[in-house]
Amino acid sequence: KIKMKTGIKVMDAMTKSPIVVGPEENLLKCAAKMIKGDVGSLIVEENGKLLGIITEKDFVNKAITNELNIKKSKAKDIMSTTMLKISPTLDLYDAIYFMSRENVRRLPVTDGEKLVGLLTYKDVLKIQPDLYDIFIEKFRIKGR
């Protein structure tokens, strides 16, 4: 398999200021921030430390199916803490390949321990639409 390089780095495509919430933020406020920001995920951070990520899937799988009280339950109750991270200097091709292989649509971008952005498959496709084939092929195979 030939590895392609785009010459474009993750830092050039990523969302530089993802929407961040604290671990104690209630789920109603989290949902409102996702809707207002028109985003599918939130970064959970405290004192500059990346703690987790909340996706729409987390809301459905953890909050709704468990009938959590969205005013009392907090971000920390449904966030995913096992996050894959990606380096800002990685080539976009390697990033989309990694996302496809790991079956994720978004990745926190970290420089050491510091969160510097969020890379979503939409960010990649805006810049390199031809990488879409790599991403979609995975879901086609998986969907059978």
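## The whole protein

Accessible areas come from the Shrake-Rupley method with a 1.4 Å probe. By that method, the protein in this predicted model exposes about 8600 Å², and carbon and sulfur atoms supply 53% of that area. Of its 144 residues, 41% count as buried.

Let's take a walk along the chain. The protein has 7 helices and 5 strands, and from the N terminus on they run α-β-α-β-β-α-α-α-β-β-α-α.

## A sheet of three strands

Now look for the open sheet made of 3 strands, in the order β1-β2-β3 with mixed pairing. Strands β1 (20-21) and β3 (49-55) stand at the edges, each with a single partner strand, so one side of each has no neighbour in the sheet. Helix α2 (residues 27-37) packs on this sheet and touches β1, β2 and β3. The direction of α2 makes about 125° with that of β2.

How do the strands of a sheet pair? They do so through backbone hydrogen bonds, either parallel or antiparallel. Here β2 (residues 41-46) and β3 run antiparallel, joined by 6 bridges.

Is β3 largely enclosed or left open by the rest of the structure? It is largely enclosed, because 5 of its 7 residues are buried.

Next, turn to the inside of the protein. The largest nonpolar core has 16 residues, and Val10, Ile86, Leu92, Met99, Val109 and Leu119 touch the most other members. At least two residues of this core come from each of α1 (10-13), α5 (92-102), β4 (106-111) and α6 (121-127). Which element supplies the largest share? That is α5, with 5 residues.

Leaving aside neighbours within four places in sequence, Ile86 is in contact with Val10, Ala95, Phe98, Leu107, Pro108, Val109, Thr110 and Leu119. A second, separate core has 12 residues, including Leu27, Leu42, Ile54 and Met79.

Technical notes
Residues are numbered from 1 along each chain as its sequence is written. This is a predicted model: local features need pLDDT of at least 70, side-chain atom pairs count only at pLDDT 80 or more; totals for chains, interfaces and linings use all residues. Side-chain values use heavy atoms; hydrogens and water are left out. Helices (H or I, at least four residues) and strands (E, at least two) are DSSP runs, numbered from the N terminus. Buried means under 20% relative accessible area, exposed over 50%, partly exposed in between (1.4 Å probe, protein chains only). A nonpolar core is a set of buried Ala, Val, Leu, Ile, Met, Phe, Trp, Tyr and Cys residues joined through side-chain atoms within 4.5 Å. Contact means heavy atoms within 4.5 Å. Two strands pair if DSSP finds at least two bridges between them. Axes are lines fitted to C-alpha atoms, for helices over the stretch in contact, and angles run from 0 to 180 degrees between N-to-C directions.
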